[in-house]
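I am opening a notebook page on this structure and will write down what I looked up, entry by entry.

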Amino acid sequence: MTSPAIIRFGPEDCCHGALHLPAGGQRGGFVICPPFGEEAKCAYRTLYEIADLAAARGWAVLRFDYFGTGNSSGGFDSFAPSRALEDVRAALARLRRECSGPVGALGLGLGAALALDAAQPSESAADDSIGFLILWQPLINGGEFYKLNIKRQLVRQMLTHGKARGSSEGSPADIIDLDGYALSKAAANELKAINLLDPPRTDLPPTLLLQASFTATPASDIQALAASTSPPLEAGSVICEPFWKRIGFVDTSNIFNSTLDWLDKLE
Amino acid sequence: MPEKIEDKIKEMIVERLFLSVSPEDIADDDNLMEKYEIDSVRLFEIVIGLEEIFDISFEDDEFNVEAFQTVTSISDLVRSKTQ
């Protein structure tokens, strides 16, 4: 396997990407939409590995950082979900230049929510349809996600100082410290407003919806998402530690195998 | 699902933290942080697990490390919120 090529794309080449190209013939490609904040850090290696494994099976894969994150341009407080959605679309457009087959998106957490929204019908005249979606543990309710991050911050403070020093209400400042990541108040409000159930997402391409959990039964919110879309999705669950929350080795073979098997059948 | 609060907590901890021990191996007074190397990430999983299985929500002033050190102390906290 060759090393991924580093590329820039988007307005003023603001986005940093790593392009994994197959050595032989191509079946198509997909962009990887990372999660947000600490989750992106924890999931970094896993997302690299799925890109590498998929490239070995003939898929071109583009990993990238949203504006204001990772190696892309912009200060961290310039990150916003609406801008990140534009970055997803720019990544898809960039990958289409490399691919002759179908181009899709694989997203985790916030990235899965963005991928799902990028697949919604647009008024653009451009051919920007998405061939398929792979949604790993999508962020379904942004308000709940925000509260969980605040709570995680309280737990971290508890271990450091013996008890929490902050507040579950979060900060009233213009720049919010969300579990160690600076977020503008406007971006925080965008994040909190995410709701994948309302309005129901429609016109979905072939989609793999996967939960990674200690249980083989999809959680109620994952099932609700599956039932709300058009066409309805089949919610799957693989036994896998939540690698996007862990630092250190996690056995991700179950989610890799489920995803690669699904891609193999996608024609 | 076990009935006793302590047993429910042990089962949840083993399940959610993917520990390679059985719930019965955890003693009520084991220091969880030390014995099972529970860091902030795993402690967060425990907090969320407790909130889900006991249908409770912890207040900011309840995030006190002593309350989460052993199964006994966690059980006391859960009882105080459910009774």
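**Entry 1: a bridge in the sheet.** I began with a pair of residues and found that A:Leu62 in β4(A) is the bridge partner of A:Leu19. For my own reference, two strands pair if DSSP finds at least two bridges between them, and the elements themselves are DSSP runs numbered from the N terminus, helices being H or I with at least four residues and strands being E with at least two.

**Entry 2: what I am looking at.** This is a predicted model, in which local features need pLDDT of at least 70 and side-chain atom pairs count only at pLDDT 80 or more, while totals for chains, interfaces and linings use all residues. Residues are numbered from 1 along each chain as its sequence is written, and chains are lettered from A and ligands numbered from 1 in the order in which they are written.

**Entry 3: strand β4(A).** I next looked at the other pairing of this strand, and β3(A) runs parallel to β4(A), with five bridges between them; one of the facing pairs is A:Gly29 and A:Ala60. Is β4(A) buried or exposed? Six of the six residues of β4 (residues 59-64) of chain A are buried, so the strand is largely enclosed by the rest of the structure. I use "buried" for a residue with 20 or more other C-beta atoms within 10 Å of its own, "exposed" for 12 or fewer, and "partly exposed" in between, with C-beta atoms placed from the backbone. A:Trp59, A:Val61 and A:Arg63 point to one side of β4(A), whereas A:Ala60, A:Leu62 and A:Phe64 point to the other, and all of them are buried.

**Entry 4: the whole sheet.** Stepping back, I noted that eight strands of chain A form an open sheet of mixed pairing, in the order β1-β2-β4-β3-β5-β6-β9-β10. β1 (5-9) and β10 (235-239) of chain A are at the edges with a single partner strand each, so one side of each has no neighbour in the sheet. From one strand to the next the twist averages 25°, where axes are lines fitted to C-alpha atoms, for helices over the stretch in contact, and angles run from 0 to 180 degrees between N-to-C directions. Further along the order, β5(A) and β6(A) run parallel and are joined by four bridges, and A:Leu108 stands opposite A:Trp136 in β6(A).

**Entry 5: two helices of chain A.** How many residues of helix α3 (residues 110-118) of chain A are buried? Eight of the nine are, and the helix is mostly covered; among the buried ones are A:Leu110, A:Leu114 and A:Ala118. The cover over these buried residues includes β3 (28-33), α2 (81-96), β5 (103-108) and β6 (133-136) of chain A. I then checked α2(A), whose buried residues include A:Asp87, A:Arg89 and A:Arg94. α2(A) has 16 residues and spans 23 Å from its first C-alpha to its last, close to the 22 Å expected at 1.5 Å a residue, the expected span being 1.5 Å times one less than the number of residues.

**Entry 6: A:Asp221.** I found A:Asp221 in helix α6 (residues 220-228) of chain A, where A:Asp221 is partly exposed, with 17 other C-beta atoms within 10 Å. Leaving out residues up to four places away in sequence, A:Asp221 touches A:Ile140 and A:Asn141, contact being taken as C-beta atoms, placed from the backbone, within 7 Å. A:Leu139 is 82 residues from A:Asp221 in sequence, and their C-alpha atoms are 9.7 Å apart.

**Entry 7: the chains.** Chain A has seven helices and ten strands, and 43% of its 267 residues are buried. Chain B has four helices and zero strands, and 28% of its 83 residues are buried. The C-alpha atoms of chain B fill a box of roughly 30 × 25 × 20 Å along the principal axes.

**Entry 8: where they meet.** Last, I noted that 17 residues of chain A are in contact with twelve residues of chain B. The chain A side of this contact divides into seven nonpolar, three polar and seven charged residues, counting Ala, Val, Leu, Ile, Met, Phe, Trp, Tyr, Cys and Pro as nonpolar, Asp, Glu, Lys and Arg as charged, and the others, Gly among them, as polar.

Note on methods
Contact = placed C-beta atoms within 7 Å.
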